[in-house]
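Please consult the sequence and the structure as you read.

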Amino acid sequence: IFISKSIKLKNSFKYIKSTFLELTSMTYPYGTEDDLVFDMTKKGILPNLEKDQWGNYFIKIGDSRTMFTSHLDTACRSQVKVNHIISKQQIVKTDGKSILGADDKAGVTILLFLIQNKVPGLYYFFIGEEVGCVGSSAASVYGQFKGLYDRVISFDRRGTNSIITHQSGYRCCSDEFAKSLSSQLNLMSNLYYKPDNTGVYTDSAEFVDVVSECTNISVGYYAEHTHSETQDLYHLNKLSLACLDVEWEKLPTSRIAGTLESKWNINNIKSIINDGGDDDYSYGWGSTKKN
C-alpha cells in the first residue's frame with residue numbers, strides 16, 4: 001500500500017534509499033515505461049497515477065502553479081536486472097554489467113518524496129526522454145499548460161550544484177529565479193547550488209514557449225548513460241529534504257515564456273574561446289542530447 005504519511009525528517013534517508021534501489025532494480029528503456037509503473041505500483045512504490053493521451057503519467061497535489069518533472073525511461077536498449085553495489089559513503093553503482101538508471105530514477109525518487117509529503121504541484125513522469133523527449137514534447141505542444149503554470153522544475157542533472165538557466169545555449173529560466181531557488185536550497189547544510197548556463201537538454205526545455213521559468217536541478221548522479229554510472233544517496237536525501245522547505249509559489253517569475261535568448265553573444269563567445277571552449281556549443285534546440 002502506498003505510504004501517505006509525512007516522512008519529512010526521521011525516516012527520510014531510509015525512504016530515499018529504499019525507493020531509489022527499488023526503482024533501479026531493473027532497467028526500463030523507452031517503450032517499457034508502462035512495465036515500470038505497473039511493477040512499482042504493485043510494490044507500493046508509486047501511488048495511483050493518471051495517464052495522459054501521450055503515455056506520460058501524472059498526479060496533482062493541491063493548488064499550485066508549479067510543475068515537477070522527471071522521466072521514467074533508462075538510457076539503454078534492453079530490460080535487465082540491476083545488481084547494486086553500495087559503498088560506506090552511500091554511493092551506489094552496479095556490478096559493471098548494466099547501467100544503473102540513476103538518470104533519472106533519482107528524479108523520480110525526489111518527486112515521490114515530495115508527493116509523500118503533500119507538497120502542492122503537478123507531478124509529471126515523462127516517457128521517452130532518452131530518445132528525444134517524446135512524452136514531454138507532445139504534452140507541451142498539445143497539452144493545456146500555458147497560463148496555468150509559472151515554473152517547470154526538472155530533477156535530471158548530473159552533479160550536485162547546478163540550477164540550470166540555459167539548455168542547449170538558450171535561456172530557459174531567469175537568473176533571478178535561479179539565484180532565489182539556489183539560496184533557498186542552500187539553507188540545507190552542505191548544499192551549494194548556483195545558477196549554471198551549461199545545460200544541454202531535458203524535459204523542462206520543451207516547455208519554454210508556454211511556461212516562464214523552466215530549469216533542471218542536479219540530483220547527484222555521475223557518468224550517466226554508462227555502466228560506470230553512480231548515485232550519491234546522501235546528496236539525494238539532502239536535496240529531497242531541502243525541496244520541502246522551498247517556497248515554490250513565491251519564487252520570482254521574470255522570464256517571458258516564448259522569448260528566445262541565446263548565451264552565444266559576442267562577449268560570451270570571446271570569453272569561451274579564451275577559456276578553451278564549451279562542450280554545449282554544438283547543440284541547438286531539438287537536440288536529443290541532455291542534462
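How many residues does helix α1 have, and what distance does helix α1 reach from its first C-alpha to its last? In this predicted model, helix α1 spans residues 12-23 and has 12 residues. From first C-alpha to last, α1 reaches 16 Å, which is close to the 16 Å expected at 1.5 Å a residue.

The buried residues of this helix are Ser12, Tyr15, Ile16, Thr19, Phe20 and Leu23. They lie on the same side of α1, because they cover an arc of only 120 degrees around the axis.

| Element | Residues |
|---|---|
| α2 | 33-43 |
| β5 | 91-94 |
| β13 | 230-232 |
| α6 | 233-244 |

Helix α3 is also among these packing partners.

Ser12 belongs to helix α1. Its relative accessible area is 4%, and Ser12 therefore counts as buried, the cut-off being under 20%. The side chain of Ser12 forms a polar contact of 3.0 Å with the side chain of Asn237.

The largest nonpolar core holds 54 residues, and Tyr123, Phe125 and Phe155 touch the most other members. Helix α3 (residues 102-116) supplies the largest share of this core, with 9 residues. Another core, of 16 residues, lies apart from it and includes Phe58, Ala139, Val152 and Cys214.

Which residues does Phe125 touch, if those up to four places away in sequence are not counted? Phe125 touches Leu49, Asn56, Tyr57, Ser70, Leu72, Val108, Leu111, Leu112 and Ile115.

Notes: Residues are numbered from 1 along each chain as its sequence is written. This is a predicted model: local features need pLDDT of at least 70, side-chain atom pairs count only at pLDDT 80 or more; totals for chains, interfaces and linings use all residues. Side-chain values use heavy atoms; hydrogens and water are left out. A nonpolar core is a set of buried Ala, Val, Leu, Ile, Met, Phe, Trp, Tyr and Cys residues joined through side-chain atoms within 4.5 Å. Buried means under 20% relative accessible area, exposed over 50%, partly exposed in between (1.4 Å probe, protein chains only). Helices (H or I, at least four residues) and strands (E, at least two) are DSSP runs, numbered from the N terminus. Contact means heavy atoms within 4.5 Å. The expected span of a helix is 1.5 Å times one less than its number of residues. The arc is that of the directions from the helix axis to the C-beta atoms. A polar contact is a pair of N or O atoms within 3.5 Å; within protein, one must be able to donate a hydrogen and the other to accept it, and residues adjacent in sequence count only if both atoms are side-chain atoms.
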